[in-house]
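Subject: The structure I promised you

Hello,

Here is the structure I said I would pass on. Have a look at it first, and then read on for what turned up in it.

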Amino acid sequence: MIYEIPLNYGNQKFNIRLGTTQYKLQFIYRGDRWYLDIFDTAENPLIAGLPMLVGDNLLAQHQHIISGSLYVLNTNEEESQDFGDLGANIKLYWSDS
């Protein structure tokens with residue numbers, strides 16, 4: 001199954017269950033792009049600075065840390081990213097298969 005991760009406007013940090021494990025996700029706008037950091041529940045960094053790029057599974061090279069898939073959908077022309085796009089034009093999807 002594929003699940004949309006609910007995102008709000010602006011930089012944010014929240015807890016979420018991905019598969020059977022609880023994580024903390026942080027989204028930060030740096031320069032001209034959105035980035036994702038993933039922490040365990042004690043806020044120890046697991047994966048830092050993942051650019052929110054359309055295309056491949058963001059977790060493809062991190063399966064030893066998190067088993068599953070994260071995919072970005074960006075409805076902006078040219079796939080540009082602005083601060084106000086997260087949650088509106090930029091969506092994130094999780095699949096545990």
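Let me start with a question: which residue forms a salt bridge with Lys24, and how far apart are the closest N and O atoms? The partner is Glu43, and the closest N and O atoms are 3.0 Å apart. Lys24 sits in strand 3 and Glu43 in the loop between strand 4 and strand 5, so this pair links distant parts of the chain, 19 residues apart. Before going further, please keep in mind that this is a predicted model.

**Salt bridges**

Together, Lys13, Lys24 and Glu43 are linked in a network of salt bridges.

Are these three residues buried or exposed, or in between? Lys24 counts as buried, at 14% relative accessibility, because the cut-off for buried is under 20%. Glu43 is partly exposed, with a relative accessible area of 36%, and Lys13 also counts as partly exposed, at 38%.

A search of the whole structure finds four salt bridges. One of them is between Glu4 and Lys91, where the closest N and O atoms are 3.7 Å apart. Glu4 lies in strand 1 (residues 2-5) and Lys91 in strand 7, so the pair ties together parts that are 87 residues apart in sequence. Glu4 is partly exposed at 42% relative accessibility, and Lys91 is partly exposed at 23%.

**The sheet with strands 1, 7 and 6**

The two strands that hold Glu4 and Lys91 also belong to an open sheet of three strands, in the order 1-7-6, with antiparallel pairing. Strand 1 and strand 6 are the edge strands, each pairing on one side only. On average, and with direction ignored, neighbouring strands of this sheet are turned by 30° against each other. Strand 1 and strand 7 run antiparallel and are joined by four bridges. As for Ile2, its bridge partner in strand 7 is Ser95.

**Ser69**

Strand 6 covers residues 69-74 and includes Ser69. Ser69 is buried, with a relative accessible area of 9%. Its side chain makes a polar contact of 3.3 Å with the side chain of Asn57. Leaving out residues up to four places away in sequence, Ser69 touches Asn57, Leu59, Tyr93, Trp94, Ser95 and Ser97. Ser95 in that list is the residue that pairs with Ile2.

In soluble globular proteins, nonpolar side chains tend to be buried together. Here the largest nonpolar core has 23 residues, and those with the most contacts inside it are Ile5, Phe27, Leu36, Ile38, Met52, Leu70 and Leu92. At least two residues of this core come from each of strand 2 (12-18), strand 3 (21-30), strand 4 (33-39), strand 5 (45-51), strand 6 and strand 7 (90-95).

Best wishes

Terms used:
Residues are numbered from 1 along each chain as its sequence is written. This is a predicted model: local features need pLDDT of at least 70, side-chain atom pairs count only at pLDDT 80 or more; totals for chains, interfaces and linings use all residues. Side-chain values use heavy atoms; hydrogens and water are left out. Buried means under 20% relative accessible area, exposed over 50%, partly exposed in between (1.4 Å probe, protein chains only). A polar contact is a pair of N or O atoms within 3.5 Å; within protein, one must be able to donate a hydrogen and the other to accept it, and residues adjacent in sequence count only if both atoms are side-chain atoms. Contact means heavy atoms within 4.5 Å. A nonpolar core is a set of buried Ala, Val, Leu, Ile, Met, Phe, Trp, Tyr and Cys residues joined through side-chain atoms within 4.5 Å. A salt bridge is a side-chain nitrogen of Lys or Arg within 4 Å of a carboxyl oxygen of Asp or Glu. Two strands pair if DSSP finds at least two bridges between them. Axes are lines fitted to C-alpha atoms, for helices over the stretch in contact, and angles run from 0 to 180 degrees between N-to-C directions.
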